[in-house]
Amino acid sequence: MSTAVEEEYFKNKIASIEKFDFTLNTESQETIFEGIKIILKHFLPEWNDLKFTPQTDGITNTLILVSCPQGKVIVRVFGNGTEYIINRNAEQKNFIFLSDNKLAAPIIGNFNNGFVHGYVEGSVFSVPDMSDPQKSLLVAKKIGKWHSLNFPFEKKSSVYDVINKWIDEAPEVFEDKRKNEIYYSKDYLRKENLRNEINFLKEKLDEISSPLAFCHCDLLYGNIILHKDENGNDDVTFIDYEYGSINPRGFDIGNHFNEYAGFDCDYNLYPSKEFQYKWLKVYLQSYLGKENISEKEIEDLYREVNKYALLSHYYWGVWAILQAKYSQIDFDYISYSILRLDEYYNQKERFLSL
């Protein structure tokens, strides 16, 4: 779909979202809560007796669940420097598109450094839930539905452009001595080496015809909510669409499999071939809209997904360098970068030879 058609689709929808000229002070939890009271008084003036529950699963933004007798919403406050990492206009389009397809809660309103959106009732996945034989298949089915959507976006993969942009933004040095020592402990973290390696990987992955789809690109356990559907059956909903974009489906699935390891990066939890085959069959049934899936279709997708799992490691490895530069969230991003890129090199030969 052309850029012109995309802009036409979203123009009126974006214009209809209410905007509040207010910047939330994130210096302390107290200033955040006081600011949220002002924001919700603007968007939802009838709400009272507000209760605030910080959500701890995000490492990009600050998320606060606000609940009261009138309902629940999420207030999302953009992390420091995330404008270098995330296209906020695209994120808003993702919310609108998914909400139109009944796959996301709607945006209630924007403020200068964040927005308020609906809350998905349910329980957040845990790391063990990711590899649970039944719960994992709910995810496979839902990803298949996402990937089969007819999307109103330009049919062009974004992942390589994003990685190269992040490499451009990467620092030469860190002021923090510990970060700098870790940063210079690995030759592969030098900008020229990062660029050479992503060019090599792109050339290899371009040999695979992985269909483009609207991808979540961040299906870690904290972004999956388990709940009941309207018929009382178990279902899942994905939240947090800031990395959502048009990309090869293999990237989205390979990324999800990498996230079985959790933030501790325990890659012993990466799903086995037998597990993946069962998962990929359910995915293909949902994605293709048919029951009968051949062994060859599963085998081809298995090779595709595991090769793209390498790109996922590279993506988050470079992302973490930028976060180490800008983020004020208490997380050891530079060590996380090395965990992801080490695993890339650990699996590179094995996965590319599939």
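I began with a definition: rings of Phe, Tyr and Trp (its six-membered ring) pair if their centres lie within 6.5 Å, and planes under 30 degrees apart count as stacked, over 60 as edge-to-face and the rest as tilted. The model is predicted, so I noted that local features need pLDDT of at least 70, side-chain atom pairs count only at pLDDT 80 or more, and totals for chains, interfaces and linings use all residues. Residues are numbered from 1 along each chain as its sequence is written, and side-chain values use heavy atoms, without hydrogens and water.

Rings. I found 39 aromatic pairs in the structure. Tyr183 and Tyr184 make an edge-to-face pair, because their ring centres are 5.5 Å apart and their planes stand at 85°. I looked up burial next (buried is under 20% relative accessible area, exposed over 50%, partly exposed in between; 1.4 Å probe, protein chains only). Tyr183 is buried at 1%, whereas Tyr184 is partly exposed at 40%. One aromatic cluster includes Tyr9, Phe10, Trp146 and Tyr241.

Charge over rings. I used this rule: NZ of Lys or CZ of Arg is within 6 Å of the ring centre and within 35 degrees of the ring normal. Arg190 sits over the ring of Tyr183, 4.8 Å from its centre. Arg190 also lies over the face of Tyr184, at 4.0 Å.

Cysteines. How many disulfides (cysteine sulfur pairs within 2.5 Å) does the whole structure hold? The search finds zero. The sulfur nearest to Cys217 is that of Cys215, 5.0 Å away. Cys217 is buried, at 0%. Cys265 is buried too, at 9%.

Terms used. Disulfide = S-S within 2.5 Å.
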